[in-house]
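The sequence and structure follow.

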Amino acid sequence: MKPEPTGTLKPTRIWDLLFLAALAVAATWILVRVFYGSFPPIPVYAGASLYPVALIEVVLAFMVRSRISNHQLGDGPRQLHPITAARVAALAKASALVGAATAGVWGGFLLYLLPQRSVLRAAVSDTPGAWVGLVAALALVGAALWLEHCCRTPDDPSDEPAH
């Protein structure tokens with residue numbers, strides 16, 4: 001079995017994203033539980049900034065997928081340069097990690113806010129913003145994983161089943 005060269009970008013593992021999100025949920029829940037009274041209100045649009053990023057990554061995924069499937073890889077005009085493809089794959093991996101961590105943060109807020117809705121009026125007004133942020137973070141994770149998938153070449157060895 002031939003070892004992989006160092007510096008090879010491996011596909012993002014779902015377990016890594018879930019672990020990061022769970023860690024962020026736990027840390028955020030503890031911090032919110034202690035400091036919630038000193039937080040400013042959460043506006044509905046607080047987490048919405050991730051929606052445009054997710055949309056850009058989906059559009060980029062379709063562009064990259066089209067170029068790869070049409071064998072338009074190279075350094076000519078209207079071709080996808082291999083360095084650009086590697087940078088896009090790195091962007092996708094980083095975005096998946098950021099999305100997972102952000103989903104964990106918003107999840108931690110919701111874990112605190114939902115039981116407090118019957119007691120705290122602020123929890124009622126903060127909940128919609130936390131939901132918007134959580135959905136935006138999950139959309140970013142989905143878009144990033146799709147972009148990463150689209151960066152694979154048809155003969156990518158990571159697509160073959162392990163023996």
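## Model and confidence

The confidence of the predictor in each residue is given as pLDDT, on a scale from 0 to 100. The model is predicted, so local features are described only at pLDDT of at least 70 and side-chain atom pairs only at pLDDT 80 or more, whereas totals for chains, interfaces and linings use all residues. Residues are numbered from 1 along each chain as its sequence is written, and side-chain values use heavy atoms, with hydrogens and water left out.

The protein chain has an average pLDDT of 87, and 88% of the residues score at least 70. Helix α1 (residues 14-35) has the highest confidence, at a mean of 96, and α2 the lowest, at 92. Where pLDDT is low, predicted coordinates should not be read in detail.

## Overall architecture

Four helices and zero strands are assigned in the protein chain, giving the pattern α-α-α-α along the sequence. Helices (H or I, at least four residues) and strands (E, at least two) are DSSP runs, numbered from the N terminus. Among contacts (heavy atoms within 4.5 Å) between residues at least 6 apart in sequence, 78% join residues at least 24 apart.

Of the 163 residues in the protein chain, 33% are buried. Buried means under 20% relative accessible area, exposed over 50% and partly exposed in between, with a 1.4 Å probe and protein chains only.

## Nonpolar cores

A nonpolar core is a set of buried Ala, Val, Leu, Ile, Met, Phe, Trp, Tyr and Cys residues joined through side-chain atoms within 4.5 Å. The largest one holds 18 residues, of which Tyr36, Trp106, Phe109, Leu113 and Ala130 touch the most other members. Two or more residues come from each of α2 (50-69), α3 (82-116) and α4 (121-150); the largest share, seven residues, belongs to α4.

Beyond its neighbours within four places in sequence, Ala130 is in contact with Ile42, Trp106, Phe109, Leu110 and Leu113. Apart from this core lies another, of 11 residues, including Val64, Ile68, Ala85 and Cys150.

## Thr127 in helix α4

Helix α4 also contains Thr127, which is buried, with a relative accessible area of 3%. A polar atom of the Thr127 side chain lies 2.5 Å from the backbone oxygen of Ala123. With neighbours within four places in sequence left aside, Thr127 is in contact with Leu110, Leu113, Leu114 and Arg117.

Terms used: A polar contact is a pair of N or O atoms within 3.5 Å; within protein, one must be able to donate a hydrogen and the other to accept it, and residues adjacent in sequence count only if both atoms are side-chain atoms.
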